[in-house]
Amino acid sequence: MWNTVFPYLLSGISVGGQYALIAIGYTMVYGILRLINFAHGDVFMVAGILMVYICASGIPLYASIPLVLAATAFIGFLIERVAYKPLRSAPRMSVMISAIGVSYTLQNLVLYVTGGLNQIYPTIPWISDSISILGATTKRVTVITPFLTLILVVALVLLINRTKIGMAMRAVSKDFETSQLMGIKINTVISTTFVIGSFLAGVGSMLYFTNYTTVIQTSGAMPGLKAFVAAVFGGIGSIPGAVIGAFIIGIMENIIKGLDVILFKSGILARPVGLATFSDAFTFALLIIILVVKPTGLFGEKTTDKV
Amino acid sequence: MKKFLSLLLVVALLLPCIALAEDMPVVKIGVFEPASGDSGAGGKQETLGMQYANQETPTVTIGDTEYKVELVYADNGSTPDKAPSAAQQLVSQQVSVVLGSYGSGVSIAGSQYFADANIPVIGVTCTNPQVTLGNDHYFRICFLDPFQGTVLANYAKSLGATTAYCLAELGNDYDVGLVNYFQQAFEALGGMVITDTFPTGNSDFTSYLNNAVNYGAEVFFCPVSIAYSTQIVEQAAAQGVTFPILGGDTLDSNVVVNAAKGKNIKVIITTFYQEGANTAFDEGFKAWLNSDSEAMTNNGGNDMISAVSAMGYDAYYTALEALKAAGTTDSAAIKAALPAVTLTGVSGLISFDENGDAIRTSAYVKTVNTETGDWEFVAEQSVD
Amino acid sequence: MNAYAKQKSRVPVILSFLIILAVYVAVFIAEQNLPPTSMLFTVLKKGATYALVAVSMNLLNGFTGIFSLGQAGFMLVGAYTYAIFTIPLSQRASVYQYFDGGIVQFTLPVPLAMILAGLVAAFFAFLIGLPVLRLKSDYLAIATLGFAEIIRAIFQWNQLGPLTNGSNMLRLFPNFNDFNIRNADGQVTVYLSTLIPFLISGLCIALIVMLIHSGYGRAFKAIRDDEIAAEAMGINLAHHKRLAFSISSFFAGIGGAMLAMYQTTVQAKSFTSAMTYEILLIVVIGGVGSVTGSVFSSFLFVACSEWWLRFLDEKQIIGDFEVPLLRNGFRLVVFSVIIMIVVLFFRRGIMGTKELPDLFRKRRIKPGKEG
């Protein structure tokens with residue numbers, strides 16, 4: 001039984017770690033701006049495309065990795081300045097529509113640049129080698145992802161709890177207007193949030209695309225949505241919550257893909273019934289259940305709407 | 001803003017009028033192929049075959065007049081929801097005959113628009129039987145999936161496999177159809193078949209590969225679009241699977257070869273054409289690719305000949321034969337003339353049966369040589 | 001602005017009716033005289049379909065303040081319902097080839113099937129609305145988006161194949177061209193393939209406009225403007241929200257059926273969230289809260305994407321000069337940039353909250369600058 005289930009767990013933990021890195025961007029932005037940044041998944045995809053083109057231009061790997069991360073962070077910064085900042089005082093719906101517009105624009109730009117064809121992600125040596133672990137063979141990145149994710153999360157939590165900018169972030173997410181009155185430079189805080197979120201999405205994209213090596217303009221849409229669900233599941237605004245939510249979703253999704261064979265082997269199902277069809281839908285079902293039963297998620301704080 | 005927009009509109013409407021003021025009359029052939037999306041790479045290679053044929057034979061004598069052949073392109077985006085507008089684009093440009101498409105789903109989705117306009121279509125590599133069934137305007141020059149499925153099932157059996165794991169993309173008529181015919185044939189041979197599907201846009205195939213391992217499959221059959229098959233090959237190699245990957249004609253692409261090159265993986269496919277079958281075509285096509293950088297890029301960066309290019313080449317000449325036989329550029333007359341058209345193309349003899357399907361009795365089986373990164377000929381298979 | 005609009009005179013309304021009538025007559029005349037393969041009719045048919053869907057979305061987002069992103073899911077339900085019940089019996093064996101002809105072994109007349117399409121979509125909306133409508137703005141948006149994805153997966157499930165044909169295409173059902181009147185030889189005598197979708201869409205939109213002007217419509221607007229105040233005034237929030245959600249989905253379902261007729265094939269995988277976003281952007285361009293704006297921008301959007309801006313996707317050579325940048329995909333880039341400009345700088349869209357008759361009313365004061 002263990003041998004049957006273990007490979008799915010392994011895939012799940014790996015993809016969960018990658019979702020976690022995207023989910024942090026969602027949860028931080030939502031915590032501060034109350035905005036579902038629909039374009040975040042596409043930033044993740046653009047990071048993948050940048051890597052493809054930068055490597056193709058002949059820049060060696062040790063230089064292209066930091067270059068891609070820096071460029072991704074800058075794109076996050078730029079998106080905020082161009083598409084969200086002018087709408088700071090507009091209704092929340094307008095900002096969300098703007099986010100959808102940015103997502104549409106990024107996808108179409110990539111479609112134009114790539115001609116709509118799949119791009120093969122460059123191979124990053126060492127982490128894309130195959131290794132054997134407890135009887136399952138997989139890429140080394142699968143094993144590295146959860147650890148790298150945890151390290152980055154600890155670093156981020158330290159940043160938020162121990163530094164001045166972190167304190168400012170916490171203040172802004174508690175009360176936007178008051179913190180402004182207390183002299184916090186709101187725009188700097190928001191930009192920092194976007195830079196950190198995009199940077200982590202960039203790291204996530206490297207891990208993700210090393211595992212699943214094709215990048216196309218729609219590559220970011222599903223991982224983005226799932227990471228958002230993870231953020232909601234863990235309690236939006238809570239970083240540990242987003243990470244735990246992401247791991248749960250990653251694991252569950254892969255278990256669902258293998259549910260037919262697991263149930264079939266343990267004798268519950270007489271024949272496969274195609275439950276894998278629901279691997280994506282399950283994530284959303286989970287989202288709706290959590291929204292209805294416990295809208296604040298696993299670790300979210302209770303908020304009250306003011307009249 | 002508004003003034004600018006209206007100006008833009010006027011320009012847009014006038015642009016087509018500026019083009020083309022030549023003496024020779026023009027006959028338009030529509031190219032209904034994907035240039036983007038999951039099958040974009042394959043569609044581009046198929047189009048290359050037509051373009052090469054077009055620059056080889058740019059004119060055709062219809063009746064007593066010599067016509068210049070103009071290829072009119074429409075990108076059907078590899079998805080059935082974009083196919084209608086691509087089809088309408090071709091119809092509105094009054095093409096005489098249409099070539100395409102690469103995939104079956106888009107062909108079925110576009111079919112009705114061509115039928116309504118009474119324009120005949122020559123399917124190039126759309127292998128699902130539904131494409132030509134129950135209509136009189138869709139023809140095709142390739143073999144059909146019941147045939148291909150049987151060939152593949154026989155081959156799987158000859159590898160000694162008793163359990164086959166089949167994977168198809170949800171809602172892709174080609175995948176689902178071919179898996180279905182494979183299943184019928186393989187079960188008739190006494191084998192066991194497990195089928196699974198993945199949603200469009202999926203990129204994580206590790207769990208599906210795990211499924212195949214857990215079911216004890218001895219062969220992994222995935223006749224999916226190029227975009228997915230490269231990832232499956234890549235991830236299967238990384239997971240160190242022991243079963244061979246079996247695929248249909250969609251996997252016949254240098255992109256798949258590149259994914260398998262240098263890895264410990266066995267990929268076997270069936271296809272329409274094997275490089276070396278017609279040296280004149282091979283050499284000419286390669287020379288053309290090497291002289292045209294854009295064509296080279298569209299072919300995936302090297303000059304390996306894909307079977308779909310040969311098929312595109314044959315489709316173009318089939319259309320020319322039909323134009324000659326009809327003696328006019330009127331699409332209804334071409335439709336009437338098409339059933340009787342025969343020619344010897346580079347991929348073999350082409351003639352149509354009462355359904356509008358090509359009469360084809362053999363398929364090529366090829367495998368990837370992972371050391372050199374080339375296709376290796378295995379066998380020419382036919383079904384009794 | 002609105003205060004002046006309230007002083008109603010009959011003339012602008014009558015003028016508007018005349019304009020709409022003239023459009024219908026023009027469509028009819030054009031259809032009889034222009035070649036049926038012209039791109040104009042493609043745009044008109046698809047535009048009419050999108051107009052209905054956009055207005056139905058506007059009813060929710062613009063008039064009731066419910067930010068729903070489930071439109072594609074309800075269109076899917078409508079399209080499938082229509083297709084399942086209208087595929088001719090003789091064709092079922094070929095469409096449901098892997099499911100022995102399917103389990104539905106009767107057909108409904110087209111109008112009945114369309115109404116049923118709306119009803120089934122509304123029923124789904126009612127069920128979904130029970131848990132979801134309690135949520136607030138963006139949570140509601142993401143939950144409805146999730147539901148659309150779940151609906152899509154259910155319709156693709158192979159175990160439901162005898163009903164839905166699994167994930168495979170449904171086709172060969174009556175489409176817009178079947179509205180043309182033919183003589184015994186199969187020759188078309190009267191072209192109606194564009195006029196009928198116009199009539200269906202027009203009728204549905206008229207119903208929505210009447211609803212907006214009824215007591216219910218005023219309640220919807222009250223909810224949009226201030227939920228808590230509306231509740232305090234005695235409006236039953238849950239009831240009205242559910243009503244708006246179901247009615248909007250009813251028309252989205254009919255819109256889905258029309259889309260099926262336009263596309264001539266239906267497949268669950270094409271009803272993605274991208275489709276919802278597209279419709280949302282149409283609503284935003286037209287003006288959130290303006291029915292006229294949604295209709296107008298639907299036609300504009302479709303015409304640009306299918307017809308007028310197509311040239312951006314192809315190489316253009318003027319004289320010896322090859323226009324740079326033009327290749328596959330450029331149209332969409334231009335499109336997205338225009339949309340971003342509208343979203344950022346012309347937030348009120350083309351029409352703001354104005355309707356057609358408002359255009360003929362005298363402007364007493366100049367409307368303030370937008371944005």
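Reader: At roughly what angle do the axes of helix α3 (residues 39–64) of chain C and α13(C) cross?
Author: In this predicted model, axes are lines fitted to C-alpha atoms, for helices over the stretch in contact, and angles run from 0 to 180 degrees between N-to-C directions. Helices (H or I, at least four residues) and strands (E, at least two) are DSSP runs numbered from the N terminus. The axes of α3(C) and α13(C) come within 9 Å and cross at roughly 75°.

Reader: How many residues of the contact of α3(C) with α13(C) are nonpolar?
Author: Ala, Val, Leu, Ile, Met, Phe, Trp, Tyr, Cys and Pro count as nonpolar, Asp, Glu, Lys and Arg as charged, and the others, Gly among them, as polar. In this contact four residues are polar and none is charged, while the nonpolar ones number eight.

Reader: Which element gives the largest share of the side of chain C that touches chain A?
Author: Residues are numbered from 1 along each chain as its sequence is written, with chains lettered from A and ligands numbered from 1 in the order in which they are written. Local features need pLDDT of at least 70 and side-chain atom pairs count only at pLDDT 80 or more, but totals for chains, interfaces and linings use all residues. The contact takes 35 residues from chain C and 35 residues from chain A. The largest share of the chain C side, 12 residues, comes from α7(C).

Reader: How many residues of the side of chain A that touches chain B are charged?
Author: Chain A gives 31 residues to this contact and chain B gives 28 residues. Among the elements of chain A supplying at least two residues are α1 (2–33) and α10 (239–265). The chain A side has 11 nonpolar and 16 polar residues, and its charged residues number four.

Reader: How far apart do the C-alpha centres of the two domains of chain B lie?
Author: An automatic or database domain assignment gives the bounds: domain 1 (24–143 + 279–352) and domain 2 (145–271 + 364–382). The C-alpha centres of these domains are separated by 27 Å.

Conventions
Two residues are in contact if their C-beta atoms, placed from the backbone, lie within 7 Å.
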